[in-house]
Structures are given as structure tokens and as C-alpha cells.
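Colleague: I have a few questions about this model. Can you take me through some of its contacts?

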Amino acid sequence: MMRIPFIAGNWKMNTTAAEAEKLVHDMLDRLDRIEEVEKVLCPPFISLVTIRELLKGSSIKLGAQNMWFETKGAYTGEISPLMLRESCEFVILGHSERRRYFGETDEIINKKIKAALENKLKPILCVGERLEENEAGRTEEVIGRQLNQDLNQVKPTHNIVIAYEPIWAIGTGKAASGEQAAATIKFIRDILAELWNKGIAQDLRILYGGSVTSHNIAEFISQPEIDGALVGGSSLEAEEFLSIVNQTAEIKGD
Ligand code: PGA
């Protein structure tokens, strides 16, 4: 199976509803026309329904940035997979900002992954090491543990995307090198082969995320191991995001 390149924009806690609509308007037609890349926008919850309508009939898909693992009930302030399913195909889970600021453990992330899959949502599971862990040469240990716990008792599935996001590279302007990212992504693929099987590990898309811009996307995407990117800051500017997707289509299409 050929791995279709995948670029997702994680808008995080940015854009009012009006700004979100404008951002989509500014890139909709041009983004829609870029073939051979799976394109996903992950706006804040409050804009999902409006953007779903704007994207109708286009090739651009929608994702959420988080969810709780129960389908309904007394969980004030939370959003369930059942609610998201009406608008989204994807959901980002295990983002390091969720782990760090909102106390999400691998156990919680594991429950969320299972709940997403049960409710026909495709998780974009984020894993990555901290700077100290990276400097101490513990990257593989940390990522191995995260994957084992986050995917504990999850049946092998094609409906998941993994994002390798070294925490020290997120929002810092200090991206990993293409080679560094490719080596860790190869390691992630090996873990998936052990955990599930070789065939699925070869089929799944594994992305790099962390300070990706139109200036460095080529370095990542030209690595055969890297299937795309999870883009934060640079997904908030239409021209920048379009350039990232366009370069991905060109390089992977060669
Ligand atoms: P960044 O964020 O591109 O702003 O570094 C990436 C992410 O957190 O997914």
C-alpha cells in the first residue's frame, strides 16, 4: 500500500470564529486543488461546525484537537467522540501540550485512542521526548514507552496516524534535522511492527511535527521515512500552509 502524504494544521487555541472562517476562505480553493496529499485542518472546537460546512464538497478534511473518552455524561466542559464524529474524520490525541498543561497520562491517552477508534474517528497520536531526555540519549526509551502504553490493547488498525513531535522543537523555532526525525520515525515504525505487525507498520503514516515552516518542510518530506507533518504556528497563515502542502505534493510526487 502506498502511503499517501499527510499534512495537518493544528491551529491550537488560535482564531476566533470569524478569523477561522477567513483563514479557510483564504486557502480553500487552492488547497482543495492540491492532489496527492491528504490535507487536514484542526481548528478550535467552536469553529468545527462552521468549517465543516465550508469544506463540504472539497478534498480537505477536518480534525479536532482533543476529546474526552466517554461518549456522554456529566463531564462539564468536555467534548465527546460522538459529538466530534458529526463533523470530523480525525482527532489529535496525546499532544505534548495536553500532556504537559492538562495532566494527560499515557493511561488517559490510551482510553482516548480506544474511544476514538470505537466511534469511527481516526486518531493522530502524538509522541515525543523532552529536551533533557533527548540530551541524555533517552529518546527511544521514552517513545517506546509512550507507544506501548498509548496503544496498549489497541487492535492493529489502519485508521491511525502517528506524529513524532520532539517537545523541544514545538513552538520553539528549533526544528529537529530531517535525518534526526527520520531516524526516530524509523524507530517508531519498528515498534509498530513489533506491537502490531510489519504490514501495518509499513502502511501507516508517521509525521514529523515541531517548528515546521515553508523553509524547512523540504528537508523533512524528502526523507522517505517521513510521510508528512503536523504543523502548528505555520498553519495559521494561508500562504505558508499552502506552500508547505504544495512542496509536499511536489517532493513526494517525484
Ligand atoms: P509548531 O507546533 O509547528 O508551532 O511547532 C507543532 C505542534 O505542536 O503540533
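Colleague: Which residues does Phe69 touch, not counting residues up to four places away in sequence?

Modeller: Keep in mind that this is a predicted model. Phe69 sits in the loop between β3 (60-64) and α3 (81-85). Leaving out residues up to four places away in sequence, its contacts are Ile108, Lys111, Lys112 and Ala115.

Colleague: Is Phe69 buried or exposed?

Modeller: The cut-off for buried is under 20% relative accessible area. Phe69 has a relative accessible area of 18%. Phe69 therefore counts as buried.

Colleague: How far apart in space are Phe69 and Ala116, C-alpha to C-alpha?

Modeller: In sequence, 47 residues separate Phe69 and Ala116. In space, the C-alpha to C-alpha distance is 7.4 Å.

Colleague: Turn to Lys112. Which residues make a polar contact with its side chain through their own side chains?

Modeller: Lys112 lies in helix α5. Its contacts beyond four places in sequence are Asn66, Met67, Trp68, Phe69, Leu93 and Glu104. For a polar contact, the N or O atoms must be within 3.5 Å. The side chain of Lys112 meets that at 2.8 Å with the side chain of Asn66, and at 2.7 Å with the side chain of Glu104.

Colleague: Why does Lys112 count as buried?

Modeller: Buried means under 20% relative accessible area. Lys112 counts as buried because its relative accessibility is 1%.

Colleague: Now the ligand. Which residues are the closest to it?

Modeller: In total, 13 residues surround the ligand. The closest of them are Lys12, His95, Glu165, Gly171 and Ser211.

Colleague: How far is an oxygen atom of the ligand from an N or O atom in the side chain of His95?

Modeller: A backbone N or O atom of Gly232 lies 2.9 Å from a ligand oxygen atom. For a backbone N or O atom of Gly171, the distance to a ligand oxygen is 2.6 Å. For the side chain of His95, the value is 2.6 Å.

Colleague: What is phi of Lys12?

Modeller: Lys12 is found in the loop between β1 (6-10) and α1 (17-33). Thr15 is found in the loop between β1 and α1 as well. Thr15 is not a glycine, yet its phi is positive, about 80°. Lys12 is also a residue other than glycine with a positive phi, near 55°.

Colleague: Last one. Which residues is Gly209 in contact with, leaving aside its neighbours within four places in sequence?

Modeller: Gly209 has its place in strand β7 (residues 206-209). Its relative accessible area is 0%, so Gly209 is buried. Its C-alpha atom is separated by 9.6 Å from that of Ala8, 201 residues apart along the chain. Leaving aside those sequence neighbours, Gly209 is in contact with Tyr164, Glu165, Pro166 and Leu230.

Methods. Residues are numbered from 1 along each chain as its sequence is written. This is a predicted model: local features need pLDDT of at least 70, side-chain atom pairs count only at pLDDT 80 or more; totals for chains, interfaces and linings use all residues. Side-chain values use heavy atoms; hydrogens and water are left out. Helices (H or I, at least four residues) and strands (E, at least two) are DSSP runs, numbered from the N terminus. Buried means under 20% relative accessible area, exposed over 50%, partly exposed in between (1.4 Å probe, protein chains only). A polar contact is a pair of N or O atoms within 3.5 Å; within protein, one must be able to donate a hydrogen and the other to accept it, and residues adjacent in sequence count only if both atoms are side-chain atoms. Contact means heavy atoms within 4.5 Å. A residue is near a molecule or strand if one of its heavy atoms lies within 4 Å of it.
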